[in-house]
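Me: Please examine the structure shown below and answer several questions on its side chains, helix packing and confidence.

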Amino acid sequence: MKRIFYAAAALVASALNSIAHAEIDARAIAFNCRNCHAESSLDAKSSIPSLKNLSAQQIRQALLDFKYDKNPATLMPRLAKAYSDAELAAVAEFLSRN
Amino acid sequence: MAGLSRRRFLQGVAGLGAGVLSGCGGLPLRSGAKAHVVVVGGGFGGATAAKYLRLLDANIQVTLIEPKAKYVTCPGSNWLFAGLANLDQLTVDYQSLQDSYGVKLLVDRVSSLGAAQRLLRLVGGQSVTYDRLIMSPGIDFRWDAMAGYDQAAAEQFPHAWQAGPQTLLLARQLQAMPDGGVVLMVVPADPYRCPPGPYERASMMAYWLKQHKPRSKILILDAKRSFSKQALFEAGWAKHYGYGTANSLIEWHSLADNPLLELDKQNRMLTSEFGDSFRGDVLNIIPPQTAAQIALQQGLTDSTAWCPVRPLTGQSLFDEFIHVIGDSAHYAPIPKSAFAANSEAKACALAVTSLINQTPIAEAHWLNTCYSLITPEHGISVAGVYELDSANAIAPVKGAGGVSARTDGEAAAMEADYTRAVYRSLIADTFG
């Protein structure tokens, strides 16, 4: 039941968001990911994964899993819940290209 | 500006467009530059703004004005008290901003601001003109809040709320304290830089005292009724430092209704309004804070002594060509943290490039994540995600953010690890 609710909520949210945010500027959200997910080669052993070399689909799925509590983690579920699915998809797309 | 008449100077500006002018003439804009943005203050807000402006639009010339060639980060500075870091490890410079991003650095201090001419005069004699100015000057202290505690007294009883010599002084005092001694930590009312900072500091001091001077005590005298991550801190203190027992290394007292009014330097004693007195061997007095002096002097603050801004762009309510970010600006409910300053700088850089290029300004998104260490292996966190509400005010996004949900040993160890990793990432993102 919970899963169905989430799926329905996600559908409605993404439909609403495609209207409300016809043009999401993913940079405004995605720049904030870099605070923790550094791209610096100096920190190759960091426990926080680099987002380099991940596809848009991989990042998007990870973000959705955090948002809908399918992947328990310490911090990311608290952050991913702030964004619509459309915003998370746009962020994933941006991060995979930059 | 020496030897240049105002008229000749203004003619020079008109001829050059905006740029940096020295006493012996003007430096032209780099070829192709369409605007000159000057950033004042090279902390987490200013350095991030300078870097991201250049990343977003390499045709914008960016000059960063910062009095210190090297900067000691406040995040991580509490680690000194636990012996987990030294000042060198917390020191950054601006080489990468210059070499990798083409930011022009002026190691100098602003002496005055001519907002009408969009002109800054520097103590070193140069004048700098700007198309847009981003101010990120940080904090200053209210020295009139407690009788007997002024700037001179802070050399004896350090606040250590700007990392550097004050931090070292306080760490040395802690190390020199006799076993069984008392550390008094005085914490101001909101708002101030780094809301959980005092409690992380108490934790790091307690960690060191537990190993070296276990009969000692840290007394936190707080002007607030509650504090950031309170439940997580108190649970951590109970687990590691005997909090709540007679032998606790840490005691917390709210003095919200009984403010501390006076410092007796000779006897290292603090007295409250109701006449209670507290004597300590080491006094860490963190005074109430304001926006930095330069912001106060230039009329960018309101009656709160912080700078009011339009949240979407960071523009000062008093001057549309001046943006204010970081601790000196009023971004509440976003707390005054390095992470938040970095996030505010990115939103501001996006808005400034849009204003210069006359393109629509994107919806702003802000983030704050703050980790604190209770021991080297026990970390806790709080996060907030913020957006503009329908009234164009900053509001936390409902259903997001909050404090660590899991507090078991495994999660605590992960968050301790993330504390260090996020510090390194934040440095790389801001200064690297």
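Me: Is B:W143 buried, partly exposed or exposed?
Reply: In this predicted model, the relative accessible area of B:W143 is 21%. Buried means under 20% and exposed over 50%, so B:W143 falls in between and is partly exposed.

Me: Is B:Y149 buried or exposed?
Reply: The relative accessible area of B:Y149 comes to 3%. Because the limit for a buried residue is under 20%, B:Y149 is buried.

Me: Are the rings of B:W143 and B:Y149 stacked, edge-to-face or tilted?
Reply: Over all chains, the structure holds 18 aromatic pairs. In the pair of B:W143 and B:Y149, the ring centres lie 5.7 Å apart and the planes meet at 45°. Planes under 30 degrees apart count as stacked and those over 60 as edge-to-face, so this pair is tilted.

Me: Is helix 5 of chain B roughly parallel or roughly antiparallel to helix 6 of chain B?
Reply: Helix 5 (residues 197-212) and helix 6 (residues 230-241) of chain B have axes 11 Å apart, at an angle of about 5°. Angles under 35 degrees count as roughly parallel, so helix 5 of chain B is, relative to helix 6 of chain B, roughly parallel.

Me: Where in chain A is confidence lowest?
Reply: The mean pLDDT of chain A is 80, and helix 3 (residues 56-67) of chain A has the highest confidence, at 98. The lowest confidence, at a mean of 44, is in helix 1 (residues 2-20) of chain A.

Key: Residues are numbered from 1 along each chain as its sequence is written. Chains are lettered from A and ligands numbered from 1 in the order in which they are written. This is a predicted model: local features need pLDDT of at least 70, side-chain atom pairs count only at pLDDT 80 or more; totals for chains, interfaces and linings use all residues. Side-chain values use heavy atoms; hydrogens and water are left out. pLDDT is the predictor's confidence in each residue, from 0 to 100. Helices (H or I, at least four residues) and strands (E, at least two) are DSSP runs, numbered from the N terminus. Axes are lines fitted to C-alpha atoms, for helices over the stretch in contact, and angles run from 0 to 180 degrees between N-to-C directions. Angles under 35 degrees count as roughly parallel, over 145 as roughly antiparallel, 65 to 115 as roughly perpendicular and the rest as oblique. Rings of Phe, Tyr and Trp (its six-membered ring) pair if their centres lie within 6.5 Å; planes under 30 degrees apart count as stacked, over 60 as edge-to-face and the rest as tilted. Buried means under 20% relative accessible area, exposed over 50%, partly exposed in between (1.4 Å probe, protein chains only).
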